[in-house]
Amino acid sequence: MQKILVTGACGQIGSDLLIELRHKYGGNNVIATDVKRSPGPKVLKSGPFEFLDVNNRKSVEAVVEKYEIDIIYHLAAILSAAGEKNPDMCWETNVCGLFNILDIAKRYNLKQVFWPSSIAVFGPQTPKYNTPQETILCPQTMYGVTKVSGEYLCDYYFRRYGVDVRGVRYPGIISSETLPGGGITDYAVAIFYEAIKQKRYTCFLKEDTILPMMYMPDCIRATMKLMEADLSRLKHRSSFNLAAMSFSAGELVAEIKKHIPEFTCEYKPDFRQEIADSWPGSIDDSAAREEWGWKSKYNLSMMVEDMLGKIKGKLLTGK
Ligand code: NAD
């Protein structure tokens with residue numbers, strides 16, 4: 001059985017992906033790592049955990065050697081809004097951390113690496129709707145700059161050294177398991193907690209700001225499907241456009257109100273509005289559909305119904 005390392009395993013996507021990978025490949029074959037020193041019980045009880053800073057190359061090598069790793073899902077990163085507050089750390093973690101992983105993959109002849117890019121690679125000059133796979137990349141944030149750099153770095157390591165690194169440009173990810181870690185689309189998770197608990201929410205984006213989004217089950221399915229895809233069919237590598245749904249904050253509020261009619265939302269845009277305005281409203285993911293058979297399942301109403309049920313359950317049980 002192949003051995004898998006997950007970096008950033010305590011984050012929003014890592015927490016869900018880890019559980020699916022452990023379910024599929026066996027708990028002891030999937031090593032969770034993060035700079036968080038106290039991961040939750042689901043991470044600790046389902047398999048091994050190691051403290052690991054991806055900027056520390058020697059520590060990454062030590063973990064790769066200790067567990068005889070074959071595949072890395074590299075999710076450790078500093079996200080968009082957090083990156084604007086600390087651009088140095090964002091560059092260091094997102095670019096130097098990725099460089100360490102790719103170079104270790106080359107040196108240890110690893111089988112595969114997964115690394116996610118983001119819709120933050122796009123910018124104001126990019127076509128805003130149905131954004132094509134091949135288009136203008138003009139990020140406005142340090143986070144977006146690191147993702148464009150990462151895409152080129154991954155392509156270089158494949159072309160020059162044959163490292164089988166694959167990735168997608170995730171849209172905003174919505175999930176019930178773990179809170180998001182400082183992105184522009186975080187409002188689309190926080191709103192559910194406040195709708196249930198307070199029946200009101202103050203949104204940091206304008207009511208009519210439309211962004212591409214995806215529900216976590218689709219995100220995990222896409223990630224695992226791309227890694228299982230036949231390499232010979234892939235013309236792109238680390239930068240597949242990926243889409244599921246697009247909606248504005250106002251449309252999300254209207255959908256939640258179908259379940260919680262007394263829910264109200266105020267809009268007080270902050271610094272994150274300018275970043276959101278530079279991102280696309282919808283994405284053309286035909287390359288992912290053609291090359292590895294991607295197709296999303298969840299639309300806005302299915303996602304809202306599922307999220308409300310899951311978060312109500314979490315709040316009731318305290319888990
Ligand atoms: P997150 O912020 O929730 O989690 C990132 C994890 O990385 C955290 O647990 C953090 O402790 C860890 N980390 C930070 N610095 C580290 C370091 N130096 N060494 C090791 N671990 C470190 O992020 P996420 O939402 O789970 O995102 C995972 C990946 O997906 C990132 O590459 C992110 O850019 C990308 N992505 C996420 C979204 C989204 O909406 N969540 C959208 C587009 C792309």
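What follows is a walk through the fold of a predicted model, from the whole chain down to a few single residues. Local features were taken only at pLDDT of at least 70 and side-chain atom pairs only at pLDDT 80 or more, while totals for chains, interfaces and linings use all residues. Numbering runs from 1 along each chain as its sequence is written, and side-chain values rest on heavy atoms, with hydrogens and water left out.

Starting with the overall build, the chain holds 12 helices and 14 strands (DSSP runs numbered from the N terminus, with H or I over at least four residues for helices and E over at least two for strands). Its radius of gyration is 19 Å, close to the 20 Å given by the globule rule for 319 residues, so the chain is as compact as a globular protein of that length. Here the radius is taken over C-alpha atoms, and the rule is 2.2 Å times the number of residues to the power 0.38. Along the principal axes, the C-alpha atoms fill a box of roughly 55 × 45 × 40 Å.

Of the 319 residues, 56% are buried, with buried meaning under 20% relative accessible area, exposed over 50%, and partly exposed in between (1.4 Å probe, protein chains only).

Now for the sheets, where two strands pair if DSSP finds at least two bridges between them. One is an open, parallel sheet of 6 strands in the order β3-β2-β1-β4-β5-β7. At its edges stand β3 (49-51) and β7 (165-166), each with a single partner strand, so one side of each has no neighbour in the sheet. Inside that order, β1 (residues 4-7) and β4 (residues 71-74) run parallel over 4 bridges, and Leu-5 has Ile-72 of β4 as its bridge partner.

Another open sheet has 3 strands, again with parallel pairing, in the order β6-β8-β12. Its edge strands, β6 (117-118) and β12 (240-241), each pair on one side only. Strand β8 (residues 168-170) is joined to β12 by 2 bridges, and Val-168 sits opposite Phe-240 of β12.

Ser-248 belongs to strand β13 and, at 7% relative accessibility, counts as buried. Leaving aside neighbours within four places in sequence, Ser-248 touches Tyr-187, Glu-207, Asp-208, Thr-209 and Ile-210.

Asn-130 has a positive phi, near 55°, despite being a residue other than glycine. This asparagine, Asn-130, lies in the loop between β6 and α6 (142-161), and its 48% relative accessibility makes it partly exposed. Lys-199 also has a positive phi, about 65°, without being a glycine. Lys-199 is found in the loop between α7 (187-197) and β10 (200-203), and at 31% relative accessibility it counts as partly exposed.

Methods
Contact means heavy atoms within 4.5 Å.
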